[in-house]
Amino acid sequence: MDAHRPSVTSFVHIGLVVEDLDEAVRFLELLGFDCGKSGTFSGEWIDRIIGLENATVEVVIARGPDGGDMFEVVRFHSPIAGAGEVAPAANRPGLRHVAFKVDDVRGVVDRVREAGWDTVGEIVNYENTFLLCYVRGPEGLIVELAERFDGAPG
């Protein structure tokens with residue numbers, strides 16, 4: 001085995017492209033993320049990375065309660081992607097959801113519903129280890145909430 005074989009060394013963030021940056025930030029803050037101020041970026045370096053010409057993006061970094069960078073929330077000012085599609089089903093291939101531990105699934109779900117969003121399915125007890133639920137936020141974003149039961153193994 002090659003000791004210097006290039007490999008992933010750590011997680012950095014998830015990029016989330018949205019049309020309504022304010023609504024996405026509102027949803028993430030509701031879940032407990034600390035969202036910084038937005039910044040606008042453009043230039044050849046962005047065009048070269050993403051393979052688009054004349055890109056201008058507005059970015060907000062949303063940090064989890066542990067302080068780690070979790071989401072890079074991006075709205076494209078140019079080029080514009082076009083009309084939105086219906087949110088894909090939970091079984092559509094691709095990156096479909098992200099999961100986070102929470103201290104009170106029912107409390108978070110209540111806040112999500114009060115803010116105008118809803119669950120994808122039901123709140124489920126998984127083998128008396130976790131209480132699990134998918135919530136769907138703006139623009140089809142699915143977040144899995146996982147509350148570990150006190151004393152559950154692992």
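1. Is the crossing of α1 and α3 left-handed or right-handed? The crossing of these two helices is right-handed, a crossing being left-handed if the near helix is turned anticlockwise from the far one by less than a right angle, and right-handed if clockwise. Helices (H or I, at least four residues) and strands (E, at least two) are taken as DSSP runs, numbered from the N terminus.

2. The model is predicted, so that local features need pLDDT of at least 70 and side-chain atom pairs count only at pLDDT 80 or more, while totals for chains, interfaces and linings use all residues. Residues are numbered from 1 along each chain as its sequence is written, and side-chain values use heavy atoms, with hydrogens and water left out.

3. Helix α1 (residues 21-31) packs with helix α3 (residues 105-114) at an angle of about 155°, and their axes are 10 Å apart. The two helices are therefore roughly antiparallel, the cut-offs being under 35 degrees for roughly parallel, over 145 for roughly antiparallel, 65 to 115 for roughly perpendicular and oblique for the rest. Axes here are lines fitted to C-alpha atoms, for helices over the stretch in contact, with angles running from 0 to 180 degrees between N-to-C directions.

4. On the α1 side, Phe-27, Leu-30 and Leu-31 meet Val-108, Arg-111 and Val-112 of α3, where contact means heavy atoms within 4.5 Å. The residues of this contact divide into five nonpolar, no polar and one charged, with Ala, Val, Leu, Ile, Met, Phe, Trp, Tyr, Cys and Pro counted as nonpolar, Asp, Glu, Lys and Arg as charged, and the others, Gly among them, as polar.

5. The salt bridges come to three, each defined as a side-chain nitrogen of Lys or Arg within 4 Å of a carboxyl oxygen of Asp or Glu. Within helix α1, Glu-23 and Arg-26 lie three residues apart, about one turn of the helix, and they form a salt bridge whose closest N and O atoms are 3.0 Å apart. Glu-23 is partly exposed, at 26% relative accessible area, as is Arg-26, at 37% (buried is under 20%, exposed over 50%, partly exposed in between, with a 1.4 Å probe and protein chains only).

6. Arg-75 forms a salt bridge with Glu-58, with 2.3 Å between the closest N and O atoms. This pair links distant parts of the chain, since Arg-75 belongs to strand β5 (residues 69-78) and Glu-58 to strand β4 (residues 56-63), 17 residues apart. Arg-75 is partly exposed at 25%, whereas Glu-58 counts as buried at 12%.
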